[in-house]
Amino acid sequence: MLNEELQIEQKRATSVPREEIMRQWELMGQNRELLVRRMGYTPRAWVRTFGCQGNVADSEKIMGMLLDMGCVQATSEKEADIIIYNTCAIRENAEIRLLSTVGELKRLKAANPNIMIGLCGCMMQQEGIVMQIRRSYPFVELIFGTHVLHTLPKLINRLLSGERRVMDCYEGEGRENLIPEGLPIKRAQGNQASLQIMNGCDNFCSYCIVPYVRGREVSRKPDEIIREAKEILAMGYKEILLLGQNVNSYGKGLDEKITFAQLLERIEALKGDFRIRFMTSHPKDCTKELIDVIARSKKICHSIHLPVQSGSDRVLGQMNRHYTREHYLSLINYAREKMPDVTFTTDIIVGFPGETYKEFQQTIALCKQVRYQAMFTFIYSPRPGTRAATMPDPIDYKEKTKWLNELLAVQHQISEEDNKAAQGKLMRVLVEDKVQNKEGWMYGICENGMVVKFMAEGIQKGRFVDVKITKGMRSEYEGVLL
């Protein structure tokens with residue numbers, strides 16, 4: 001696996017054959033009657049998501065298919081007849097917590113044997129985890145991986161036809177990473193809707209399991225993305241979140257030559273008052289063309305998530321990130337030249353194998369220089385099957401925790417200073433909902449991602465309003481409506 005990134009071939013993006021999608025729709029219809037027969041009433045479905053925004057988008061498709069099979073959405077896990085956990089494999093602690101949570105479902109299954117319990121997502125792409133589920137959790141009767149999500153109607157049909165346990169997990173290179181188009185989607189309520197523009201990852205960062213569980217990069221055809229974006233806007237959503245493991249590499253392998261920057265321009269050209277966000281953005285593929293498009297745009301938020309992971313060139317090399325500290329900072333500086341109001345968020349791994357305290361201090365220094373709006377920080381967690389898991393790791397967890405706390409203290413100070421400096425500024429805000437326990441107050445999301453609370457009696461959710469910031473705190477603003 002150490003040289004797999006050298007073996008990547010550029011493939012054309014491939015969709016699941018239309019005939020197969022139509023077959024799934026046919027099975028959804030068949031399952032309506034079979035589910036009522038099994039339960040004795042209209043079944044209630046519950047989908048619980050662990051992990052990233054990509055998993056959230058997958059869960060919306062899962063729930064969409066379940067509703068089309070005649071289910072209604074349960075209001076709680078305890079009342080559900082079909083329970084599906086969409087799992088995450090990015091960190092070991094998440095897996096441990098997930099398995100503990102799955103164990104608690106045994107009691108629900110014992111009380112009602114007709115309940116259907118399933119596990120899917122990235123964890124189900126790992127052979128060791130699947131074997132553990134098979135052995136220790138016999139009440140889990142449905143197990144499927146990320147690459148066969150669109151076949152959920154077929155998998156449930158097999159259970160309803162008498163099979164005791166159904167499994168279909170992605171294994172090896174023999175199965176393509178295909179993109180399913182035309183599945184029903186049950187989108188979350190609110191102002192923001194997710195829109196996946198690609199699947200998989202080709203980067204093979206040495207600490208990351210994603211390429212092994214999500215497969216190789218494949219981009220959706222731009223016409224399909226535009227079609228879905230129009231549907232989202234027609235439904236009344238005011239913000240589109242474009243998703244991909246590395247959106248900056250969008251377009252590779254497509255018949256039509258198109259970059260991520262050009263895709264953004266097409267989406268922005270759609271009619272309506274809305275805004276656009278995207279994640280995740282890899283620095284090695286971030287271009288001046290992309291920054292220029294964002295700077296010219298009236299709809300793309302001047303807020304960029306650009307994960308740096310480390311401020312040390314040696315550590316970045318060990319991480320297989322394919323950029324240097326100098327290149328990363330050149331992107332930051334260019335973006336600030338073009339957009340003085342731009343803000344950045346980032347991901348940082350603390351205590352990567354072999355990282356020294358001196359190298360960690362280089363990360364601290366970079367954070368002080370960039371002054372992130374927010375950081376998502378993690379203590380390194382080894383993932384079996386990745387290159388980093390074989391590297392010597394002499395620093396103990398307790399010491400790494402001290403480093404993390406030091407980093408968080410720096411970020412807290414930056415947040416407090418920069419948010420106080422925002423006092424007096426005018427922000428365009430998308431109104432989200434009422435503030436609990438503050439009569440007449442609403443809260444909204446600024447373009448930079450910050451929450452702002454303000455007195456706004458009678459203002460409807462889903463509107464864009466102008467708010468003057470009157471108070472900047474560590475994690476939010478207060479303001480007055482103009």
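1. Axes here are lines fitted to C-alpha atoms, for helices over the stretch in contact, and angles run from 0 to 180 degrees between N-to-C directions. Helices (H or I, at least four residues) and strands (E, at least two) are DSSP runs numbered from the N terminus. The model is predicted, with local features needing pLDDT of at least 70 and side-chain atom pairs counting only at pLDDT 80 or more, while totals for chains, interfaces and linings use all residues. Residues are numbered from 1 along each chain as its sequence is written, and side-chain values use heavy atoms, with hydrogens and water left out.

2. Helix H2 and helix H6 (residues 152-160) have axes that come within 10 Å and cross at roughly 50°. H2 is therefore oblique to H6; angles under 35 degrees count as roughly parallel, over 145 as roughly antiparallel, 65 to 115 as roughly perpendicular and the rest as oblique. The crossing of H2 past H6 is right-handed, that is, the near helix is turned clockwise from the far one by less than a right angle. Contact (heavy atoms within 4.5 Å) joins Ile-62, Met-65 and Leu-66 of H2 to Leu-152, Pro-153 and Ile-156 of H6. These residues divide into six nonpolar, no polar and no charged, where Ala, Val, Leu, Ile, Met, Phe, Trp, Tyr, Cys and Pro count as nonpolar, Asp, Glu, Lys and Arg as charged, and the others, Gly among them, as polar.

3. H2 (53-68) also takes part in a cavity lining: this helix and strand E7 (192-196) each supply at least two residues to the second largest cavity.

4. The crossing is right-handed. Lys-288, Ile-291, Asp-292 and Ala-295 of H10 touch Leu-331, Tyr-334, Ala-335 and Lys-338 of H12. This contact comprises five nonpolar, no polar and three charged residues.

5. H12 also packs against helix H13 (residues 357-370), with axes that come within 11 Å and cross at roughly 10°. H12 is therefore roughly parallel to H13. On the H12 side the contact involves Arg-325, Tyr-328, Leu-329, Ile-332 and Arg-336, and on the H13 side Gln-362, Ala-365, Leu-366, Gln-369 and Val-370. The residues divide into six nonpolar, two polar and two charged.

6. The peptide bond from Met-279 to Thr-280 is cis, with omega near 0°, and Thr-280 lies in the loop between strand E11 (275-279) and H10. Asn-320, although not a glycine, has a positive phi of about 65°; this residue is placed in the loop between helix H11 (313-319) and H12.
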